[in-house]
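I wrote down each thing I looked up and what came back.

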Amino acid sequence: MAARDESEALQDLRYQCKKFRICIIGKTGVGKSTLLSKVFGVSAKEAGVKSSSEGCGKHNIWTPITNDEQNTSLIIHDSGGFEAGESDTIAEVMKFIEHRRQQPHLADQLHCIWYCISLSDSRPIQAADEEFFRYARTLEIPLIFVLTKFDRLVRDHADDLDDDCERSVAARAVGLARRDVECFRSKLEDATGNGVKVQEVSRKEGSLVEKLVTGTTSIVDRNLIHVWIRAQGFLASQKREECVKELPFFIRNVMIANAIPLHPLRGVVLSEHFKDMFYSCLTIWNIPGQSLVFTNQYVDNSFRKASQRRNVLTGIVATLDFTGPLTAPIYVRLALKMAVDLILIFQLLFWHLRIKRQKALWKGDLDQQLAKYKNSEIRTTVHGMIDGSVGTLSFVTAFSVSSVREILGKTVEHGQKLVREEIRRSAGPNDGLLLSELEG
């Protein structure tokens, strides 16, 4: 697919489906609220998902749950689990799923189902669950069985073991818990068919939640992967990669627009494409609270300055250039620096919220992170990498999206490691997130 066609296809998909629609099924108290908070940054109580303290009640699976202040790319449908004798409940869930399957538009269809089962429940699977499992054989909707409270299962095994060595007990307990998970997997495969997706999760092990996020990525419709990446709020790596995939199309547009010698509006073109790249990053990173903080005036007055402090003069000089396309590398360099700065700044904000366990971004946080990046060695280092890489490009390869993407990817990868190291150095002892969860 040509670069232009690929760019237009991405834009078409973005307009067709702006929100990822997920159905989460599980009994009250199974841990749905914790899961939604960890993966999507959504406060389940504010969104409307019932907790065990509120009583069982009736969950209206037909009512979509959204909270654009916390996640602009997500729609949740919540269903309680199937208790013994609740044939009406399972029939209603199946009716809802069939309704969504028949919708002609991608945005109205159900994109994924998470079926949550507690590993700490004495009877985790009821007859009604088995009825749904048989029904699941007919589904074409991506389905993952999420086995919650793995840490509690480990703790229960540890309590039953008799050993003076704490480390030995912990290792044996984890082994026994994983054995139980494999038993669950076998039962679910027998009920729903081979190849069923099963993932255990734990409050304490971020790596298990990461596997759930990547596992979901692997089974959703390829046309929805970009929407899923926006909706999930756990893995920065997926968001970085999506930016690296998308921003080179904007950079290419910068080069084409500035290929005319003595173009009087080159500075304006650079400015407009900075905004395009900014809003692309804004959509992909989907920072909680961004709709209240990122006003047009703030972007112009603060965000741009953090990225373009030394780029403005170069742009003015380039406006007087007579050779047009022969100096395309100049514009590649300018646009790449903008792109790298934007990706790394958004990553700083993303990790800042996770470390501090904040529900939303505040203007004070944003001012602090922008000032930190603007004067950082990280910025100096990645700009130097771009200068060195772009200097080897000819005016022909400068117009290549693949060449630009390669430079952007390598620079961002190095830059994010520097960001992570800086966060580790500056983290306080009371930060809410274990720094071992700060993935790449």
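**Entry 1: a loop residue**

I began with Lys149, which is partly exposed at a relative accessible area of 22%. The terms I use are buried for under 20% relative accessible area, exposed for over 50%, and partly exposed in between, with a 1.4 Å probe and protein chains only. Lys149 sits in the loop between β5 and α6 (150–160). Helices (H or I, at least four residues) and strands (E, at least two) are DSSP runs, numbered from the N terminus. I also looked up the backbone of Lys149: its phi is near 60 degrees, a positive value in a residue other than glycine.

I noted the ground rules next. This is a predicted model, where local features need pLDDT of at least 70 and side-chain atom pairs count only at pLDDT 80 or more, while totals for chains, interfaces and linings use all residues. Residues are numbered from 1 along each chain as its sequence is written, and side-chain values use heavy atoms, with hydrogens and water left out.

I found Asn286 in the loop between α11 (266–285) and α12 (290–293). Asn286 counts as buried because its relative accessibility is 6%.

**Entry 2: confidence and overall make-up**

I checked pLDDT, the predictor's confidence in each residue, from 0 to 100. The protein averages 81, and 77% of the residues score at least 70. Over residues 51–58 pLDDT stays under 50, and the model has twelve contacts there beyond four places in sequence. Contact means heavy atoms within 4.5 Å. Residues 312–326 also stay under 50, with 29 contacts beyond four places in sequence.

I recorded 18 helices and six strands. Of the 440 residues, 52% are buried. Among contacts between residues at least 6 apart in sequence, 77% join residues at least 24 apart.

**Entry 3: aromatic rings**

How many aromatic pairs does a search of the whole structure find? It finds 13. Rings of Phe, Tyr and Trp (its six-membered ring) pair if their centres lie within 6.5 Å; planes under 30 degrees apart count as stacked, over 60 as edge-to-face and the rest as tilted.

I looked at Trp114 and Trp228, whose ring centres are 6.2 Å apart and whose planes stand at 80 degrees, so this pair is edge-to-face. Trp114 belongs to strand β4 (residues 112–118) and Trp228 to helix α9 (residues 225–231), so the pair ties together parts 114 residues apart in sequence. Trp114 and Trp228 are both buried.

Then I took Tyr115 and Phe145, a tilted pair at 5.6 Å centre to centre with 55 degrees between the planes. This pair links distant parts of the chain, with Tyr115 in strand β4 and Phe145 in strand β5 (residues 143–148), 30 residues apart. Both are buried. Tyr115 and Phe145 also belong to one aromatic cluster with Phe132, Phe133 and Tyr135.

A charge sits over a ring if NZ of Lys or CZ of Arg is within 6 Å of the ring centre and within 35 degrees of the ring normal. The charged end of Arg354 sits over the ring of Phe234, 4.3 Å from its centre.

**Entry 4: helix α15**

Which residues does Ile345 touch, not counting those up to four places away in sequence? I listed Phe303, Ala306, Leu370 and Tyr373. Ile345 lies in helix α15 (residues 328–356) and is buried, with a relative accessible area of 0%. Ile345 and Phe303 are 42 residues apart in sequence and 9.2 Å apart in space, C-alpha to C-alpha.

His352 is in helix α15 as well. At 10% relative accessibility, His352 counts as buried. Beyond its neighbours within four places in sequence, His352 is in contact with Gln358, Asp365, Gln368 and Gln369.

**Entry 5: a glycine in a loop**

Is Gly81 buried or exposed? Gly81 is buried, with a relative accessible area of 12%. I placed Gly81 in the loop between β3 (71–79) and α4 (87–101). Gly81 and Ile25 are 56 residues apart in sequence and 5.9 Å apart in space, C-alpha to C-alpha.
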